[in-house]
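Please keep the viewer open as you read.

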Amino acid sequence: MQLSKNSEGSRLTISVSGRVDTVTAPELESFINENTNGVTELILDLKDMSYTSSAGLRVLLKAQKLMNQQGSMKVTNVQSDVMEIFEMTGFSDILTIE
C-alpha cells in the first residue's frame, strides 16, 4: 500500500493505492489520524486501491466517525472490485461515494 496527501487549506485529499488489509490498515489509520488536525473536508481517493479487507473497512468507518465530528468525508474514484465490497457490507450506505 502507498499513501500520498494533498492539502488545500482545511481540505485534505489522501490517495490510497494497493491493498488495504490487516497488515497495512494500521498504517492507513495512523496516516489519517496524523494528518486530519484542523481538516474540515477529507477526501479519500481510492482510484488505485485494489482491495480492502474488514480491517480496512474498520479504518474507513473510524475516519468517517472522526470527520462527522469535525466536518465531512467523501470517497472518490472507487474501483468496481472495492465498490462491490462496499455494497456487500453496507458501506455504500454509510460512506459518501462519488
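This is a predicted model: local features need pLDDT of at least 70, side-chain atom pairs count only at pLDDT 80 or more; totals for chains, interfaces and linings use all residues.

1. Now look at how α2 begins. Ser 53 caps its N-terminal end, with a side-chain oxygen 3.2 Å from the backbone nitrogen of Ala 55.

2. Next, see which parts of α2 are hidden. The buried residues are Ala 55, Gly 56, Leu 57, Val 59, Leu 60, Ala 63, Gln 64 and Met 67. Their cover includes the strands β2 (11-20), β3 (41-52) and β4 (72-76), together with the helices α1 (25-35), α3 (80-89) and α4 (91-94).

3. Is Thr 52 buried or exposed? With a relative accessible area of 2%, Thr 52 counts as buried, because the cut-off is under 20%. Leaving out residues up to four places away in sequence, Thr 52 touches Val 20, Leu 57, Val 82, Ile 85 and Phe 86.

4. Finally, the largest nonpolar core has 28 residues, and those touching the most other members are Ile 14, Val 16, Leu 42, Leu 46, Met 73 and Phe 86. Two or more residues each come from β2, α1, β3, α2, β4 and α3, and α2 gives the most, with 6.

5. Do select Met 73 as well: beyond four places in sequence, its contacts include Leu 42, Leu 60, Ala 63, Gln 64 and Met 67.

Technical notes: Residues are numbered from 1 along each chain as its sequence is written. Side-chain values use heavy atoms; hydrogens and water are left out. Buried means under 20% relative accessible area, exposed over 50%, partly exposed in between (1.4 Å probe, protein chains only). Helices (H or I, at least four residues) and strands (E, at least two) are DSSP runs, numbered from the N terminus. Contact means heavy atoms within 4.5 Å. A polar contact is a pair of N or O atoms within 3.5 Å; within protein, one must be able to donate a hydrogen and the other to accept it, and residues adjacent in sequence count only if both atoms are side-chain atoms. A nonpolar core is a set of buried Ala, Val, Leu, Ile, Met, Phe, Trp, Tyr and Cys residues joined through side-chain atoms within 4.5 Å.
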